[in-house]
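Have the viewer open and follow along as you read.

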Amino acid sequence: MKKVLLPLDGSTRSLRTIEMVKHLYPNRDTEITLLMVLPDQTPFETSMERDRDQQKATQQLTSFAQLLEGWPVKTVLLRGNPGPEIVQFAREKAYDALAMTRSTRGTLQRLGSVAAYVVKNAQFLDLFIMRETQK
């Protein structure tokens, strides 16, 4: 069974990768893991705010998993620096592929910092970086 990691940040842009993955991988032989990485706690963040953010992210992951009905889906929530956390998790769990969107920044439309980090550091994976098209 092929293992695909799908990091999400909850944005509409990142959710479009779910549709891309559904088209690229048949559900009968692909396990998909939805991953969200929340930033480390800041000195000004209260434990109540941290718990609220974690609960919201957990609810989002559950609703995103429902978009993949028919596929074996796992959800994972981590804390830390998103780029390194994504790459480390993918390495440790031996994923075959990673699919994510890039951000569009200005007229140059460069990769966002997380996507750029993943591309630079996850050469061991099949990477699918989806570009958001302007409408």
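Predicted model: local features only at pLDDT ≥ 70, side-chain atom pairs only at ≥ 80, totals over all residues.

Strand S4 (residues 97-101) is largely enclosed by the rest of the structure, because five of its five residues are buried. A search of the whole structure turns up four salt bridges.

**Strand S4 and its partner**
- Both faces of S4 are covered: Ala97, Ala99 and Thr101 are buried on one side, and Leu98 and Met100 are buried on the other.
- S4 pairs with strand S1 (residues 2-7) in the parallel sense, over two bridges.
- Within this pairing, Val4 stands opposite Ala97.

**Arg79 in strand S3**
- Arg79 sits in strand S3 (residues 73-79) and is buried, at a relative accessible area of 18%.
- A polar atom of the Arg79 side chain lies 2.7 Å from the backbone oxygen of Pro39.
- The Arg79 side chain also reaches the backbone oxygen of Arg50, at 3.2 Å.

**Salt bridges**
- Glu31 and Lys74 form one of them, with their closest N and O atoms 3.6 Å apart.
- This pair links distant parts of the chain, 43 residues apart: Glu31 is in strand S2 (residues 30-38) and Lys74 in strand S3.
- Glu31 is buried at 15% relative accessible area, whereas Lys74 is partly exposed at 45%.
- Glu19 and Lys22 meet in another, at 3.5 Å from N to O.
- Glu19 and Lys22 are three residues apart in helix H1 (residues 12-24), so about one helical turn separates them.
- Glu19 is partly exposed at 40% relative accessible area, and Lys22 is partly exposed at 26%.
- Arg52 forms a salt bridge with Asp53, at 3.5 Å between the closest N and O atoms; Asp53 is partly exposed, at 27%.

How values were computed:
Residues numbered from 1 in each chain as written. Heavy atoms only, no water. Buried < 20%, exposed > 50% of the residue type's maximum accessible area, 1.4 Å probe, protein only. Helix = DSSP H or I, 4+ residues; strand = E, 2+ residues; numbered from the N terminus. Pairing = 2+ DSSP bridges. Polar contact = N/O pair within 3.5 Å; in protein donor to acceptor, adjacent residues only side chain to side chain. Salt bridge = Lys/Arg side-chain N within 4 Å of Asp/Glu carboxyl O.
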